[in-house]
Amino acid sequence: FSEGSRCGIESLDISKNNSVCSEALQWKTEPLNMLWDAFGVNKTLKDVNLSECELQPHDVYEMAHRWLSKSSSLESLHVSDNAFGDEAAALLLEQIQGVTYLDLSHTSISAAGFRAAGLAISKGKPLRTLNLNSNNSMGIKPLDLSNDQWLSDDMKEVLLSERNAMETFLMSLMDNTTLTDLSVARVNIGDAGIGIICDLILHKQCALKVLDISCNCNIDEQSAHRLKELVWGGYYDREDGDVPPMVDTLSLAGNSTNIGERALLALYQNRGLRHFDITDMALNDPMLLPLAESVMQNPFLSLTSLYVGRNFLFADGVKNIAILVEHSKTLEVLGLAHTWESFTDEAGRGSSLSKTRERGKHYMRPLLKILGKQAPETSPALKTLDLSSNDVCDELALAFVEALVHNKTFEKLWLLGNPSLSDEVIARDRRLAVTAPLK
């Protein structure tokens, strides 16, 4: 890498790599600094993954000084699952130059780190994708500014500020034209934070198109109303043909049932959502009725992928989903992983899919019927179905094989984590896969 432009490598993944670690699982300073120096003179490296490498604050200080401040080629940097904290994150955010993708998830960032991220964005960093998942925006940690000679005065002031961290961070998105993909799952975003982000999108004051706000336990009723408005596209009169402000991808997974139910009701008016994740929201069969009705009542509904696993689904719920699959001309990916591996059936008995009526075919019959349509003009657009970790047995898998005989559109049925499946059944159809999860 120290050969500069003569090195043709553009992508490097050394995540989870302890090959130069001491017994205490700490990177040794000298060889690591040699690596940062080599990266600093390199002219070809665009994508580097340093996730889960036990990087400490002093490692990030050296990395920022020796490499990031000098790199003109780096575009994508993954440093997730390294607990280096606020001060190191602030320095990293200041020193990155042309980085457009930054993963800071699981890095022990607290309120100060969120304010630092906001300052970096407001100063025009060209970030298009920012992942801050699993950091506590409400946390307060003691700051160590012993390396403050590397931080700007503005950054030091922000770190020491007592301003609301989430509000400060989200308001930095106002009038930003580059950041399109934001992940703030498990960050305690709060109802006020949801309100700010919805206002920015609905009033077209930011560029966000991909939003992950899953698993924020401190949002509920107020956020449910605002998120319904977001999926709806704004509660106001529009001229015919006017495209409402809309996110392309929205993940609500792991939030309250109220939020999921309200968002589903907004599908009757939605005009732009492509990828929708409502997994693990304790939704039941009647709550999924909008999936069946909106696809027939809303000609603008154009979902491409839907993830609805880990909810309380029985036969009627699958029927509602099957109607969406049947009538949608755009839905290509359906995720139902971890839904029936262990649940309570309609009679209140603890059960699993292979132990239900007809070894699971009773629940899957609506989907089997739709996927088994023989006429090409009536075949659904669905290409991928994920039934991973659902206690799928050989009998149910064979039912899918039989249903898919004449289906020329369908490409992959993921069955990862179904240990009772035999190799003989999996070999019956190349579209059955158990070797990798659905991304």
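## The strands around the largest pocket

Start with five strands: β6 (181-183), β7 (210-212), β8 (249-251), β9 (275-277) and β10 (305-307) each give at least two residues to the lining of the largest pocket. Keep in mind that this is a predicted model.

The space in this largest pocket comes to about 440 Å³. Its lining is made of 23 residues, and if you want to find the centre, look for Asn-133, Asp-212, Ser-214, Ser-251 and Asp-277, which lie nearest to it. Sorted by class, the lining of the largest pocket has 8 nonpolar, 9 polar and 6 charged residues.

## The second largest pocket

Next up is the second largest pocket, with a volume of about 380 Å³. Here 27 residues form the lining, and Ala-111, Arg-115, Ser-137, Arg-163 and Ala-165 sit nearest the centre.

Helices show up in this lining: α4 (111-122), α5 (153-160), α6 (165-171) and α7 (190-202) each supply at least two residues. The largest share belongs to α7, with 5 residues. As for class, the lining of the second largest pocket splits into 12 nonpolar, 9 polar and 6 charged residues.

## Where α4 meets α5

Two of those helices are worth a look as a pair. The axes of α4 and α5 come within 8 Å and cross at roughly 145°, and the crossing is right-handed. On the α4 side, the contact uses Ala-112, Arg-115, Ala-116 and Leu-119, while α5 brings Asp-154, Met-155, Val-158 and Leu-159. That contact has 6 nonpolar residues, 2 charged ones and no polar ones.

How values were computed:
Residues are numbered from 1 along each chain as its sequence is written. This is a predicted model: local features need pLDDT of at least 70, side-chain atom pairs count only at pLDDT 80 or more; totals for chains, interfaces and linings use all residues. Side-chain values use heavy atoms; hydrogens and water are left out. On a 1 Å grid over the protein atoms alone, a cavity is a set of points where a 1.4 Å probe fits but cannot get out, and a pocket is an open set with protein on both sides within 12 Å along at least five of seven lines; lining residues have an atom within 4 Å of a point. Grid points are joined across faces, edges and corners, and a volume is the space filled by probe spheres set on the points. Helices (H or I, at least four residues) and strands (E, at least two) are DSSP runs, numbered from the N terminus. Ala, Val, Leu, Ile, Met, Phe, Trp, Tyr, Cys and Pro count as nonpolar, Asp, Glu, Lys and Arg as charged, and the others, Gly among them, as polar. Axes are lines fitted to C-alpha atoms, for helices over the stretch in contact, and angles run from 0 to 180 degrees between N-to-C directions. A crossing is left-handed if the near helix is turned anticlockwise from the far one by less than a right angle, and right-handed if clockwise. Contact means heavy atoms within 4.5 Å.
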